[in-house]
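I opened this notebook page to record what I looked up in the structure, entry by entry.

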Amino acid sequence: MTTDTLVITSESRQLARVRVWLGEQLARRGVDAHTQSALQVAVGELATNSIKHAYGGRAGEPIHISVASRDDGVVIQVEDFGRPFDPSGYRQPDLSEMNESGVGLYIVKRLADEFSFDLARERGTRWTLVKYQPGAKPNRTA
Amino acid sequence: MDIQVTQTGGVTLVVPQGDLDMGTADHVKRMLTELIAKGQSKLVMDLTGVSYVDSSGLGALVAAMKQARAVGGNLKLCGLQDDVRSIFEMTRLIKVMAVHSDRQEAVSSW
């Protein structure tokens, strides 16, 4: 499994850099343009979450983004070392309301085929999302 | 992010160019808030030049739309690129915001 990693600091101006880098990584792995765009949004949401919530807007803190190839798709991880995500505080947004915030993780869930987070670490949160190649997504409903 | 603002009749046309993310959302929100405060609450935003919108960007547009509606106006959108439109559909904002296919249609809808 080939893994490439980008390390950024926790400033919003870095998000454009993430999008460019991720697009290149995904294109190199044969991911189509539409899926690239979707994953750019998903990873952007996770990096934004790290900047806003894990680091509370504090600049200069590290965020690691990695892309790994595997036979059936790609695995992307976004990792910060700030305040861990608190799943007990997360509420699924009510989309019948006009939300000004709170839809970021919902968007990630919708764009990824699999989405998880790891809090069993000294600090911070590691988010993992999986996107399968077309036709490779396992059918788990059977 | 570059933003052009043009008055056409009683409608204010706002044309941003670039990505609408956490880094630019506050700027857009502030600019729209200032227009509404000046009485320019009939707004059309042409997103033709915007290829990326995330939840921060959506939040800025929803906030401005609420402000405009509160004073009898609205923020109408047009020119959504396919990937941008899919984010509006996913969050169901496509159903509650006024979204038009192009600038002419959006402006004349006032």
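The entries below take up the model itself, the interface, the cores and then the salt bridges.

**Entry 1, ground rules.** I am working from a predicted model, in which local features need pLDDT of at least 70, side-chain atom pairs count only at pLDDT 80 or more, and totals for chains, interfaces and linings use all residues. Residues are numbered from 1 along each chain as its sequence is written, chains are lettered from A in the order in which they are written, and side-chain values use heavy atoms, with hydrogens and water left out.

**Entry 2, the interface.** I looked up contacts (heavy atoms within 4.5 Å) and found that 22 residues of chain A meet 23 residues of chain B. The buried area, meaning the accessible area (1.4 Å probe) that two parts lose on being put together, summed over both, is about 2000 Å² for chain A and chain B, with 62% of it from carbon and sulfur atoms. I noted that Arg19(A), Met98(A) and Glu100(A) provide 33% of what chain A buries against chain B, more than any other three residues.

I then counted salt bridges (a side-chain nitrogen of Lys or Arg within 4 Å of a carboxyl oxygen of Asp or Glu), and there are three between chain A and chain B. In one salt bridge Glu100(A) pairs with Lys66(B), the closest N and O atoms being 3.2 Å apart. Helices here are DSSP runs of H or I, at least four residues, and strands are runs of E, at least two, numbered from the N terminus. On the side of chain A that touches chain B, helices H1 (14-28), H2 (33-54) and H3 (104-111) of chain A each supply at least two residues, and the largest share, nine residues, comes from H2(A).

I looked up nonpolar cores, which are sets of buried Ala, Val, Leu, Ile, Met, Phe, Trp, Tyr and Cys residues joined through side-chain atoms within 4.5 Å; buried means under 20% relative accessible area, exposed over 50%, and partly exposed in between (1.4 Å probe, protein chains only). The largest core has 63 residues, and those with the most contacts inside it include Ile107(A), Leu77(B) and Phe88(B). H2(A) gives the most to this core, with eight residues. Apart from it lies another core, of six residues, among them Leu13(B) and Cys78(B).

Glu79(A) and Arg121(A) form one at 2.2 Å, N to O; Glu79(A) lies in strand S3 (residues 73-80) and Arg121(A) in the loop between S4 (114-118) and S5 of chain A, so the pair ties together parts 42 residues apart in sequence.

Lys131(A) is found in strand S5 (residues 126-132) and counts as buried because its relative accessibility is 17%. Its side chain forms a salt bridge with Asp113(A) (3.8 Å, N to O), and Asp113(A) counts as partly exposed at 22%. Tyr132(A), also in S5, is buried at 9% relative accessibility. I checked its polar contacts (N or O atoms within 3.5 Å, one able to donate a hydrogen and the other to accept it within protein, residues adjacent in sequence counting only if both atoms are side-chain atoms): the side chain of Tyr132(A) meets those of Glu114(A) at 2.4 Å and Arg70(A) at 3.4 Å.
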